2 protein chains.
Amino acid sequence: MTQEPLPARLPVTDRTRHRRLREQGSLERAELEAILDAAFVCHLGVLVDGRPVVVPTVYGRDERWLYLHGSVASRSLAGDTPVCVTVTHVDGLVLARSVFEHGVNYRSAMIHGTARKVTDPEEKLTGLRLLTEHSAPGQWSYARRPSRKELAATTLLALSLQEASVKIRTGAPDDGDGPDAALGLWAGVLPLTTVWGTPEPDPALPAGTAVPEHIARRAGTRHG
Amino acid sequence: MTQEPLPARLPVTDRTRHRRLREQGSLERAELEAILDAAFVCHLGVLVDGRPVVVPTVYGRDERWLYLHGSVASRSLAGDTPVCVTVTHVDGLVLARSVFEHGVNYRSAMIHGTARKVTDPEEKLTGLRLLTEHSAPGQWSYARRPSRKELAATTLLALSLQEASVKIRTGAPDDGDGPDAALGLWAGVLPLTTVWGTPEPDPALPAGTAVPEHIARRAGTRHG
């Protein structure tokens, strides 16, 4: 837990070297952080009885650590254990002239490392705050914060952001300058956008309970 | 590859038994299929050098098999190898009175099994058709189909849909009838919706190339 900043350039390791599609890889830490900050659900890969299991879970982060809600995975995380966390934004379908060149525009970050269970109460509270504010900015101040008992009942995992890689695909199909361009077919991208909708009040709420500004202002804005 | 239909009720195994949040689990095959059909990118977990690696990839399916574009993962799939495929829809943020009860409305399917590389040319073509039509209905008829050479250059994986589980959360927060309801805080769900945008033509296209109807009609429709 040294406080030196992580380098802006992600390190190349056997697991983060881009073997395929090199042009799509990035090792800029700023790109990693942008991808992480634009989502709040990741896919966490762990080993259970020697087999991979991939569970969706929520996360938050600071400069150095990814904090993950670890309840689902916790039974397989008795000690320090290798994990892989992947966050993916699907930005659109790439519709080429040939089926072979079809693809997806996406932004994906993959973090490799060893997850540790957070046991220090102060770090746990910090991690939970980061996780809450990551998905629901403003809620840490607005909602009731965890009691000591709730804190104890929460499993939080920390994963270093040291070893990570990023892959991004953007833009048009790749067969616009090949022989298939002569086929006269339409080609391009069908974009996908995720947006926040109108807040849906809990039916149990007393009538007239106002939606707080930090929630209301997200309605209609783009997510991801 | 027997042709008996898979049972409508997914089998309970050590890996699909819902240990936690039992109320959210489902073992209805129809729910599994609905979740798979509403997305086209999954997260594939494989073992690489004994560690989990989670890669996003596209897929399609029939009644019995999930077909996955396997190029990224293929270097680690020399033989039959255990995999886990997870497909997740994030439907909204659950904003409770207490931080502890915050959560996510989601639909998630998890498939466990052993991936095999598809080598039979006929099955490979079928699998690629399913995969293409899954993400881009109509493109198998419209675009140029794979040549023999392209088919050979494509790595396709098949995973049985036999062993799978589904988890779904919907609805309001869980603390509407507890002591925190007296706090007078707003609580509810902030929904997330993904929509297809307007087709973006490849800049390399000749002016006036019409967007085919099977692509144009998706614009503005909901995805997921």
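How many residue pairs are in polar contact across the interface of chain B and chain A? I looked this up first. The rule finds 28 residue pairs, both residues at pLDDT 80 or more. I note here that the model is predicted.

**Entry: the interface**

I stayed with the two chains. Chain B gives 88 residues to the contact, and chain A gives 88 residues. I then looked up the area. The size of an interface is often given as the accessible area lost when the parts come together. Here, chain B and chain A bury about 7300 Å² between them. Carbon and sulfur atoms hold 67% of that area.

Next I counted charged pairs across the interface. There are four salt bridges between chain B and chain A. I wrote down Asp202(A) with Arg97(B), whose side chains meet at 2.7 Å, N to O. I also asked which element of chain B gives the largest share of the side that touches chain A. It is strand 9 of chain B, with nine residues.

**Entry: salt bridges**

Side chains of opposite charge can pair when their charged atoms come close. I counted over all chains this time. The structure holds 20 salt bridges.

I checked Arg169(A) and Asp174(A) next. Their side chains form a salt bridge at 3.3 Å, N to O. Arg169(A) is buried, with a relative accessible area of 10%. Asp174(A) counts as exposed, at 52% relative accessibility.

Then I turned to Glu150(B) and Arg144(B). The closest N and O atoms of this salt bridge are 2.8 Å apart. Glu150(B) is buried at 13% relative accessibility, while Arg144(B) is partly exposed at 24%. I also noted a network in chain A: Glu33(A), Asp37(A) and Arg61(A) are joined by salt bridges that share partners.

**Entry: rings**

How many aromatic pairs does the structure hold over all chains? I found two. In chain A, Phe40(A) and Trp196(A) are stacked, 5.9 Å centre to centre, with 15 degrees between the planes. Phe40(A) lies in the loop between helix 1 (29-37) and strand 2 (41-48) of chain A, and Trp196(A) lies in strand 9, so the pair ties together parts that are 156 residues apart in sequence. Both residues are buried.

Phe40(B) and Trp196(B) are 156 residues apart. Both are buried.

Last, I looked for charges over rings. The charged end of Arg218(B) sits over the ring of Trp196(B), 4.4 Å from its centre. In chain A, Arg116(A) lies over the face of Trp65(A), 4.1 Å from the ring centre.

Key:
Residues numbered from 1 in each chain as written. Chains lettered and ligands numbered in written order. Predicted model: local features only at pLDDT ≥ 70, side-chain atom pairs only at ≥ 80, totals over all residues. Heavy atoms only, no water. Buried < 20%, exposed > 50% of the residue type's maximum accessible area, 1.4 Å probe, protein only. Phe/Tyr/Trp six-rings, centres within 6.5 Å; stacked < 30°, edge-to-face > 60°. Helix = DSSP H or I, 4+ residues; strand = E, 2+ residues; numbered from the N terminus. Lys NZ or Arg CZ within 6 Å of the ring centre and 35° of its normal. Contact = heavy atoms within 4.5 Å. Buried area = accessible area lost by both parts, 1.4 Å probe. Polar contact = N/O pair within 3.5 Å; in protein donor to acceptor, adjacent residues only side chain to side chain.
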